[in-house]
Amino acid sequence: MSSQGGWGQSKDFLDLVKSIGEARSKAEEDRIILRELEALRRRIAEPDVPRRRMKEYITRLVYAEMLGHDASFGYIHAVKMTHDNALPLKRTGYLAVTLFLSEDHDLIILIVNTIQKDLRSDNYLVVCAALTAVCKLITEDTIPAVLPLVVDLLAHRKEAVRKKAVMALHRFYQRSPASVTHLLPNFRKTLCDNDPGVMGATLCPLFDLITADANSYKDLLVSFVRILKQVAERNLPKTYDYHQMPAPFILIKLLKILALLGSGDKQASEHIYNVLGDIIRKCEPSSNIYNAVLYECICCISSIYPNAKLLEAAAEATSKFLKSDSHNLKYMGIDTLGRLIKISPDIAEEHQLAVIDCLEDPDDTLKRKTFELLYKMTKSTNVEVIVDHTIDYMININDNHYKTEIASRCVELAEQFAPTNQWFIQTMNKVFEHGGDLVNVRVAHNLMRLIAQGFSEDEEGADSQLRSSAVDSYICILGDPKLPSLFLQVICWVLGEYGTVDGKYSASYIMGKLCDVTEAHLCDDTVKAYAISAIMKICAFEIAAGRKVEILPECQSLIHELSASHSTDLQQRAYELQALLCLDCRTVESVMPLDASCEVLEVDKNLSFLNDFIQESIEKGSSPYIPESERPGMSSVSNFRRQNEASSHMLRFEAYGLPKPSPAHLIPQVSVSTSTSNLVPVTEASYYRESSQASKVPSVTDASSADLGTKLRLDGVQRKWGWPTYSSSGQSSTSSTNGVSHVDGVSAQSRDTLYDSRRQQSEVSAEKQKLAASLFGASSGKTVKRATSTHRATKGNTGNAERMAVSTAINPETSTEKAAPPPDLLDLSDDAAPTSTPTADPFQHLQVLIGATPVDNTVKAVGLESPNLMAFYTDIPSGSRKTTSTIHSAVPSIKKAPLQNDETARRVCVNPTGNNPNLFRDLLG
Amino acid sequence: MIRAVIVMNTQGKPRLLKFYEFQPPEKQQELIRSVFAVLSERPDKVSNFVEADAIFGPGTRLVYKHLATLYFVFVFDNSENELAMLDLIQVFVETLDRCFKNVCELDIVFNFNKMHAILDEIIFGGLVLETSSEQVLKAAEEISRLEKSSSSISFVPKAVTGRFSR
C-alpha cells in the first residue's frame with residue numbers, strides 16, 4: 001500500500017479489512033466484526049493504552065459502525081480523543097464523534113467545551129476540525145456557547161476557515177433561525193470576500209434566505225448579476241475552471257438565486273436578461289457541466305418575467321436535450337419542457353414524439369418524469385389518453401409509495417377533467433382494481449359522494465344515469481375474486497343505495513350479490529358491515545315501496561351468523577336488520593328514506609334533546625353537572641400540578657390522567673343500550689332525520705332523454721379532438737421525420753425482428769402519431785371545445801379567470817401588454833376569456849364573470865356558473881346548507897376542493913362506522 | 001441540501017457512509033439496502049438519476065455513478081441540480097484519483113478516514129463547499145503533511161511521559 005502515508009494503520013487493521021473483503025457471506029462478515037468488537041471492547045478499556053493505538057481502535061470502531069454494528073461502548077473514548085493535543089488524534093476524534101453521535105446524545109455536552117477551546121486555536125486545521133464538528137453536533141441549546149467564536153472566525157486570515165465559518169453560521173440558521181437573525185448582514189459582507197471560495201460558500205445561506213423572503217434581498221440583485229458576469233467572463237482563478245467551464249457550481253448557485261429574485265418582477269428580470277443571454281451563447285456545448293449550467297439557465301428563464309428572445313433560446317436548448325441520446329439529458333429535457341409549457345404551451349407540440357419515446361423508454365426514472373410532465377399538461381381534451389396511459393403504467397409499478405402517488409394523480413385528473421360520467425366511473429374502477437388498498441380512503445369517500453350528489457346541479461337525469469351506470473359496472477366487476485377492501489366498501493354502499501332504484505335489478509338479485517361479497521371476504525369486518533347495511537337499505541326500500549321482501553336462505557344465514565359475531569358493530573347491524581323486517585311500511589320509510597344520503601344532518605352538539613331527561617333527573621334529586629374547570633377539587637389539583645412542574649423536574653406523582661368524558665364515546669353506548677331494550681334503532685332514525693322531500697324518484701324516460709341531449713354532443717367532441725389533428729397536414733409532416741428516428745430505437749431493441757420492424761414501421765409510427773395527436777392536439781380542438789357548454793368547460797374558465805386575477809396581482813403589466821403571454825396557460829382550449837376582452841382591466845373582467853352579464857357565448861356560460869364562483873370564494877358556512885337547493889349549488893365548489901370538505905365526506909359514508917369494529921375488537925380481544 | 005453520500009460496491013457493501021442528518025446505524029443499513037436494491041435493478045445506459053422519495057422522504061432524489069466495482073451515490077433534495085450533482089461526484093472521484101493515483105476499491109477500503117477528510121473538504125454540513133479538485137487536494141495534502149509532522153512528536157502515552165518527567 002504505497003498510499004498509506006501518514007494515515008498508517010497497523011497490520012491488524014489491514015488484516016481485518018482484508019478478511020471482511022474476503023468474507024463470503026453476510027453472516028461470516030458479521031461474525032468477524034463481532035469478534036473484532038469483542039476484542040476492542042476488552043482492549044480499549046485497558047489502562048494506559050498508547051495514544052496511537054487508541055486512534056486506531058477508534059478508526060476500527062468507525063469501520064464497524066459503518067458495517068452496521070453497534071459500537072456505542074467506544075463513544076466515550078472518541079469524545080476523550082477530541083481533547084487530545086496531537087492533531088491527528090484530535091481529527092480522528094472529531095471524525096468519530098460526528099459519525100457516532102446524534103444531536104441529542106448525552107455526550108455532546110462534554111464536547112462543547114473542547115470545541116470552544118479549539119475554535120480559538122492558532123492551528124487553523126484544528127479550527128477547521130472543530131467547525132466540522134460544530135456543523136454536525138451543535139444544537140439550538142448549545143448555539144449560544146459557540147456563536148461569538150464562529151462569528152469571530154469570519155475574519156480569520158485563512159480562507160478555508162472563513163468558508164467553513166460561513167457554512168457553520170448557515171447551519172445555525174437552519175437549526176434555529178431566531179438565534180442568528182442579528183448576524184444576517186454578515187452574509188452580505190462575506191459575499192464581497194476576496195476569496196471566491198468564501199463567496200461561493202456564502203451563496204448557500206443567501207439562497208436559503210432568499211427562498212424564504214425574496215423581497216428583502218432585491219437590493220443584492222445587481223451585485224449578483226455583476227458577480228455572475230465576472231464569473232462568466234473568466235475573471236476567477238483558473239483553479240475554479242472545471243472542464244473548460246468557469247466555476248460552474250458558483251454559476252449554478254447564482255442562477256438559482258437570480259431565478260428567485262427575478263420571479264414575477266419585470267424590473268428585476270430586465271437586469272438579468274443580458275447576462276443570461278451571454279452565458280447561453282458563450283458556453284461550449286461539449287461537457288456534462290455545460291448542460292448543467294444550461295439547464296439552470298432554462299430554469300431561470302422560465303422563472304423570471306418572460307422574455308421572448310430568451311424563451312426561444314430555452315426552447316432550442318430543450319429540443320437539443322430531448323433529441324440527445326443521453327438519458328440524463330432527455331430527463332433534463334422533459335423537466336425543462338414541463339417548466340416551459342407553463343409559459344408557452346405550444347412548445348410541447350414540437351416535441352410530442354420525443355415525449356412519447358420517453359414514455360416507452362426502459363429507463364424508469366425517465367418514464368416517471370414523463371408522466372409527471374403529462375400530468376402537468378393534462379386538460380379536458382387529452383385527459384382520457386393521459387389517464388389511460390397512466391393507469392397502464394401504474395399496473396406495473398412495484399414500488400408502493402410511488403403507486404399510491406400515481407393512483408391519487410389519476411383520481412385527481414379524472415375528477416377534474418372527466419369528459420363523461422361513464423368514463424369517470426370506469427376510470428375509478430380501474431384505479432381501485434389495480435391500485436388496491438393503496439388508494440387513499442378519502443378517494444373512496446369522495447367517489448361515494450360524487451355518485452350520491454352527481455356531477456351537475458340541475459340535471460337530475462344525468463345523475464341517475466351516472467348511478468345506474470355505476471351499478472351496472474359494479475355488478476359486472478363483482479365476479480373478480482380479489483378486489484381491494486376499500487373498493488368493495490364503495491361497491492356495497494352504491495349497490496345498497498342505488499342498486500334497485502332504476503328497477504333493472506331485482507332486490508333479491510342484489511342481495512344475493514351482497515351475500516356473495518361477504519362470503520368471499522370472510523375476515524373483513526368493514527366490508528361485511530357495509531354489505532349488511534346495504535342489504536338493510538334494500539329491504540327498507542322494498543318495504544317502503546309496499547313490496548314483499550323475500551329473504552334468501554344465504555341472506556338469512558348471513559344475518560344469523562352476524563348476529564352472533566364477535567364484533568358488536570356487526571351484531572348490532574344484524575339485529576337492526578331483523579328489527580326492521582318486522583316494521584310496517586310507514587315506519588320503515590321514515591327510518592330508511594330513499595336516496596337520503598345527501599341530506600344534511602344536523603348534529604346537536606349541545607345534546608339539547610337530553611334536556612327533558614336531565615330536568616327530570618334533577619327534579620328527582622340528582623346533582624347537576626359541573627364542568628371540569630369549575631370544580632373546586634379539580635382546580636386545586638391542576639394548580640398543584642403546575643406548581644410541581646415549575647418548581648422541580650422530579651418524578652410526577654399523580655397516577656393517571658382523569659378520564660375525560662367525550663361525546664363521541666357516549667353516543668354509541670346510548671344507541672347500543674336502547675337498541676337492545678326496545679329493538680328500534682334509535683340512532684338510525686337520527687341519522688335520517690331529515691326526510692321531508694327525500695323520495696323523489698326521477699322518471700326513467702325523462703332522465704334518458706335529457707341525458708341523450710348532452711351525451712350526443714359530448715360524443716361529437718370526443719371524435720373531433722382525436723382525429724383531425726392527426727390527419728392535418730402540418731402534423732403528419734413533422735411526425736414522419738421524427739417517426740424514423742423512433743423506429744431506429746425499436747429495431748435496436750429487438751434485432752432479431754428486423755424485417756418485422758421494417759414492415760411494422762408505418763404501423764408503429766401511425767400508432768404513435770395517433771397518440772401524439774391525442775396528447776398534444778390541442779390547437780385544433782380549440783374551437784370545438786368551446787361549442788360544448790358543459791359545466792366542465794365553464795369550470796375551466798372560472799379557473800382561468802382566477803388564475804388571471806392572481807397573475808395580474810403579481811404583475812399588473814400583463815393586461816396592458818397583450819403580446820406578453822399570460823404566465824399560466826396550460827389549458828389552451830379554455831383561454832377564450834382573454835381573447836374576448838383582450839385589453840380589459842382584469843378585475844373588471846372578473847366582475848363580468850361573477851356578475852352574470854352575458855357578453856358572448858363563453859361568458860354566458862360562465863355567467864350561469866356565477867353562484868358557484870361566489871360559493872367558491874365565500875365558503876358557505878355549514879349551517880346555511882340546510883335546503884337541497886343550496887346543497888346543489890355547493891356541489892361544484894366541493895368538487896373543486898375535493899378534500900376540503902371532510903364533513904360532507906363523513907356524512908355520506910355515515911352508515912358503517914369503520915372505527916367501531918376495531919374499537920370493539922380491541923376491547924373484547 | 002445534500003442529505004447523504006454513500007459509496008458502496010456492486011455487492012451492496014458500504015465503503016463510505018456520510019449522512020448529513022443523523023441516522024442511527026440500523027436505519028443506515030436499511031437505507032443502504034434499499035438504495036442498493038434500486039440501483040442493482042437499473043440497467044446500464046440509463047439515466048443516472050433516481051427519484052428517492054420512497055427511501056429518503058418526499059422531494060429527494062439521488063444521483064449515482066457506477067465506476068468499476070463501486071457505486072457513488074449522492075442523495076439530495078430539490079434545491080440542487082441533478083447534472084451538477086453528477087459533476088460533483090466527478091469532482092470527488094477525480095480528487096480521489098489524484099490522491100491515490102488510479103483509485104480502486106481497495107484504496108477506498110483501506111483509507112476510508114482519508115476519504116472522509118476529502119469529502120469534508122468538498123461537502124460541508126450538506127452543502128457544496130469547494131468544487132475545485134485542486135483546492136481540495138491541496139487541503140488534504142496539507143492535512144496529511146501536518147499530521148505526519150505532528151505524529152513524529154510523541155505517541156508515548158501521557159502516563160509514561162509523566163513518569164519520565166518525574
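Trainee: Which residues of chain A form a nonpolar patch on the surface, and with about how much accessible area together?
Mentor: This is a predicted model. One member, A:Ile614, sits in helix α33 (residues 611-620) of chain A. The patch is made up of A:Phe609, A:Leu610, A:Phe613, A:Ile614 and A:Ile618. Together their accessible area is about 490 Å².

Trainee: Is A:Ile614 buried, partly exposed or exposed?
Mentor: Buried means under 20% relative accessible area, and exposed means over 50%. A:Ile614 has 39% relative accessibility, so A:Ile614 counts as partly exposed.

Trainee: How many disulfides does the structure hold over all chains?
Mentor: A disulfide needs two cysteine sulfur atoms within 2.5 Å. Take A:Cys555, which is buried at 0% relative accessible area. The closest cysteine sulfur to that of A:Cys555 is in A:Cys515, 3.8 Å away, and therefore too far for a bond. Over all chains, the number of disulfides is zero.

Trainee: Is A:Cys476 buried or exposed?
Mentor: The cut-off for exposed is over 50% relative accessible area. A:Cys476 has 65% relative accessibility, so A:Cys476 counts as exposed.

Trainee: Which side chain does A:Asp84 join in a polar contact of 2.8 Å?
Mentor: A:Asp84 lies in the loop between α4 (75-82) and α5 (87-100) of chain A. At 9% relative accessibility, A:Asp84 is buried. The 2.8 Å polar contact links the side chain of A:Asp84 to that of A:Arg51.

Trainee: How many residues apart are A:Arg162 and A:Asp193?
Mentor: A:Arg162 and A:Asp193 form a salt bridge, with the closest N and O atoms 2.9 Å apart. The pair links distant parts of the chain: A:Arg162 is in helix α9 (residues 159-175), and A:Asp193 is in the loop between α11 (185-191) and α12 (196-212). Both residues are buried. They are 31 residues apart.

Trainee: Which residue of chain A meets B:Glu80 in a salt bridge?
Mentor: The pair crosses between chains. B:Glu80 is in the loop between β5 (70-76) and α3 (82-100) of chain B, and its partner is in helix α14 (residues 248-262) of chain A. Both partners are buried. At 4.0 Å, N to O, the partner is A:Lys253.

Trainee: How many residues of helix α5 of chain B are buried?
Mentor: Helix α5 of chain B covers residues 112-122 and is mostly covered. Its buried residues include B:Phe112, B:Lys114, B:Asp120 and B:Glu121. The count is 11 of 11.

Conventions:
Residues numbered from 1 in each chain as written. Chains lettered and ligands numbered in written order. Predicted model: local features only at pLDDT ≥ 70, side-chain atom pairs only at ≥ 80, totals over all residues. Heavy atoms only, no water. Buried < 20%, exposed > 50% of the residue type's maximum accessible area, 1.4 Å probe, protein only. Patch = residues over 30% accessible without salt bridge, like charges linked within 9 Å, V, L, I, M, F, W, Y side chains within 5 Å. Areas by Shrake-Rupley, 256 points an atom, 1.4 Å probe, with all protein chains shown as cover. Salt bridge = Lys/Arg side-chain N within 4 Å of Asp/Glu carboxyl O. Helix = DSSP H or I, 4+ residues; strand = E, 2+ residues; numbered from the N terminus. Polar contact = N/O pair within 3.5 Å; in protein donor to acceptor, adjacent residues only side chain to side chain.
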